[in-house]
Amino acid sequence: MSDTPCQRSLYQPFDCEIITVTDLTSAEKLFRVRRMDGLPLGHLPGQFVQVSLLGWGEAPISVASSPTREGAFELGVRNAGSLTSAMHLMQAGDTFGVRGPFGRSFDLQRLHGQDLLLISGGCGLAPLRSLIQYCEDRPDEFDQITVLYGAKSPGDRLFKDELAAWEASARFACSLTVDSVPGGDCFSGSVGLITALIPPLTIVPENTVAVVIGPPAMYRAVIAELKKKELGPERIVVSLERQMRCGVGKCGHCTIEHLYCCQDGPVFWLDEIEHLRGAL
Ligand SMILES: Cc1cc2nc3c(=O)[nH]c(=O)nc-3n(C[C@H](O)[C@H](O)[C@H](O)COP(=O)(O)OP(=O)(O)OC[C@H]3O[C@@H](n4cnc5c(N)ncnc54)[C@H](O)[C@@H]3O)c2cc1C
Ligand code: FES
């Protein structure tokens with residue numbers, strides 16, 4: 001008899017089967033995955049799982065799909081090292097272990113009824129996509145939704161088809177930018193840093209929450225622009241990455257001063273962490 005999620009140890013992976021693998025860029029793939037016991041993953045947007053491959057160990061990977069999309073979940077994985085390069089060789093029908101979901105999700109209750117400003121750079125679109133899909137599926141729960149995304153080049157953009165659909169959708173205001181456009185590439189968005197997309201926005205600070213996920217260098221510059229728009233740290237959400245091992249607040253590998261990124265985060269309100277050394 002298989003364990004229920006409550007009976008299973010936090011340290012015991014469950015088996016998952018890859019349904020499809022799709023190239024997102026030359027370095028990132030999207031894995032559509034199902035639990036082999038048929039149960040839903042049971043995650044909320046912003047949470048992550050610990051993926052395990054025999055012989056390679058474990059790596060934390062954000063869930064890139066919304067829990068409102070049932071039957072499977074998705075992981076956007078960059079080929080960054082040993083486990084992820086082994087994962088990139090896997091195909092539909094292959095299996096791997098998963099622990100989780102772990103970590104603090106976006107606070108959907110506090111986001112309810114707000115204008116959302118969803119800002120991501122590079123790989124940060126993968127965890128944010130879970131929330132964007134959730135907003136697509138629960139349109140009545142949020143007010144205006146603005147999506148800003150920046151990538152190094154047009155070819156480095158994740159989820160290109162979905163970006164085009166969000167741009168075309170009346171539900172979202174969507175602006176894209178790239179650092180540069182190599183010769184031969186075709187791109188209709190702006191060229192420059194993502195920070196340049198913020199000044200033209202009209203923001204109602206008392207009814208807006210901004211969510212920021214991206215490479216470390218992006219946070220300070222984006223947050224500075226948001227503060228110029230009078231958005232306080234209690235209205236800015238960030239999702240942070242740290243080296244992780246256990247994923248459940250036991251090993252201490254992921255600490256940000258007194259906080260455990262794996263358990264107190266990875267999603268934080270800015271006023272919880274901006275005063276902590278090395279947080280951003
Ligand atoms: C909460 C969380 C969510 C994540 N979500 C995703 C995701 O959705 N998709 C994705 O592709 N990656 C994600 N990552 C990053 C991913 O876990 C790391 O890249 C991981 O090291 C890959 O494992 P590996 O064995 O392939 O690489 P390794 O061989 O372990 O390491 C590759 C290199 O990355 C460095 N590294 C390891 N972890 C981190 C980290 N957290 N931050 C910066 N550098 C690190 C290592 O020191 C090494 O130089 C996430 C990390 C965290 C903490
Ligand atoms: S990863 Fe072990 S305490 Fe956070």
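This is a predicted model: local features need pLDDT of at least 70, side-chain atom pairs count only at pLDDT 80 or more; totals for chains, interfaces and linings use all residues.

**The nonpolar core and its surroundings**

Modeller: The largest nonpolar core comprises 71 residues, and those with the most contacts inside it are L118, I119, A210, V211, V212 and I236. Helix α3 (residues 125–137) contributes the largest share of this core, namely 7 residues. Both domain 1 (14–102) and domain 2 (108–239) give residues to the core, so it lies between them. As a general background, nonpolar side chains in soluble globular proteins tend to be buried together.

Apart from neighbours within four places in sequence, I236 is in contact with A210, V212, I223, L226, L231 and L270. Two of these partners, A210 and V212, are also listed among the residues with the most contacts inside the core.

The sheet beside these residues may be taken next. An open sheet of 7 strands runs in the order β10-β9-β8-β7-β11-β12-β15, and its pairing is mixed. Its edge strands, β10 (190–191) and β15 (267–269), each pair on one side only. Within this sheet, strand β7 (residues 115–121) and strand β8 (residues 145–151) run parallel and are joined by 6 bridges. I119 stands opposite L148 in β8. Two helices are placed against the sheet. Helix α4 (residues 160–168) packs on the sheet, where it touches β8 and β9 (172–178), and its direction makes about 135° with that of β9. Helix α3 lies across β7, β8, β11 (208–213) and β12 (236–239), and it runs at about 155° to β7.

Q50 illustrates both pairings: its bridge partner in β4 is P60, and its bridge partner in β6 is R99. The hairpin of β3 and β4 has 3 residues between the strands, and in this hairpin G55 takes a positive phi near 90°.

The relation between the domains can also be given in numbers. The centres of domain 1 and domain 2, taken over C-alpha atoms, are separated by 24 Å. Across the boundary, 14 residues of domain 1 are in contact with 15 residues of domain 2.

For the chain as a whole, the secondary structure comes to 6 helices and 15 strands. Of its 280 residues, 39% count as buried. Among contacts with a separation of 6 or more, 70% are between residues 24 or more positions apart. The C-alpha atoms fill a box of roughly 55 × 45 × 35 Å along the principal axes. A compact globule of 280 residues would have a radius of gyration near 19 Å, and the 18 Å of the protein chain agrees with this.

Definitions and conventions
Residues are numbered from 1 along each chain as its sequence is written. Chains are lettered from A and ligands numbered from 1 in the order in which they are written. Two strands pair if DSSP finds at least two bridges between them. Helices (H or I, at least four residues) and strands (E, at least two) are DSSP runs, numbered from the N terminus. A nonpolar core is a set of buried Ala, Val, Leu, Ile, Met, Phe, Trp, Tyr and Cys residues joined through C-beta atoms within 7 Å. A residue is buried if 20 or more other C-beta atoms lie within 10 Å of its own, exposed if 12 or fewer, and partly exposed in between; C-beta atoms are placed from the backbone. Domain bounds come from an automatic or database domain assignment. Two residues are in contact if their C-beta atoms, placed from the backbone, lie within 7 Å. The radius of gyration is taken over C-alpha atoms; the globule rule is 2.2 Å times the number of residues to the power 0.38. Axes are lines fitted to C-alpha atoms, for helices over the stretch in contact, and angles run from 0 to 180 degrees between N-to-C directions.
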